Amino acid sequence: MQIFIKHCLIKRNVVRAIKIGLVVGTILAVINHYDMIVSGKFDLRRWVQIVVTYLVPFSVSLWNSAMTGRSHHLRSKKKGC
């Protein structure tokens, strides 16, 4: 678990996840909430949905980076033994 968290906190991984979250989140927000964006009628429920729309690709990207880093770390540790 410590190796996973270590890779979650690497700046390169966080920056990549933010970029992916912004791009994919924007595309999904426009697709899913186009009617609200066009009408300009924003309510709290929709704002929460939009925030989650951005958090999901961010989280998936960071998870993937951390798992990949963890896997490489464990593989290199295994080869070193």
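Start by selecting V30: with 41% relative accessibility, V30 is partly exposed (buried means under 20% relative accessible area, exposed over 50%, partly exposed in between, with a 1.4 Å probe and protein chains only). V30 sits in helix α2 (helices are DSSP runs of H or I, at least four residues, numbered from the N terminus). Bear in mind that this is a predicted model, where local features need pLDDT of at least 70, side-chain atom pairs count only at pLDDT 80 or more, and totals for chains, interfaces and linings use all residues. Residues are numbered from 1 along each chain as its sequence is written, and side-chain values use heavy atoms, leaving out hydrogens and water.

Color by helix: α3 gives the most, six residues.

Now jump to H7, in helix α1. H7 is buried, at 11% relative accessible area. A polar atom of its side chain lies 3.3 Å from the backbone oxygen of G69. Show what H7 touches beyond four places in sequence, and up come N13, A66, G69, R70 and H73 (contact means heavy atoms within 4.5 Å).

Last stop: select F4, C8, A17, L62 and A66, the largest nonpolar core (buried Ala, Val, Leu, Ile, Met, Phe, Trp, Tyr and Cys residues joined through side-chain atoms within 4.5 Å). Helices α1 (2-8) and α3 (44-80) each supply at least two of its residues.

Methods: A polar contact is a pair of N or O atoms within 3.5 Å; within protein, one must be able to donate a hydrogen and the other to accept it, and residues adjacent in sequence count only if both atoms are side-chain atoms.
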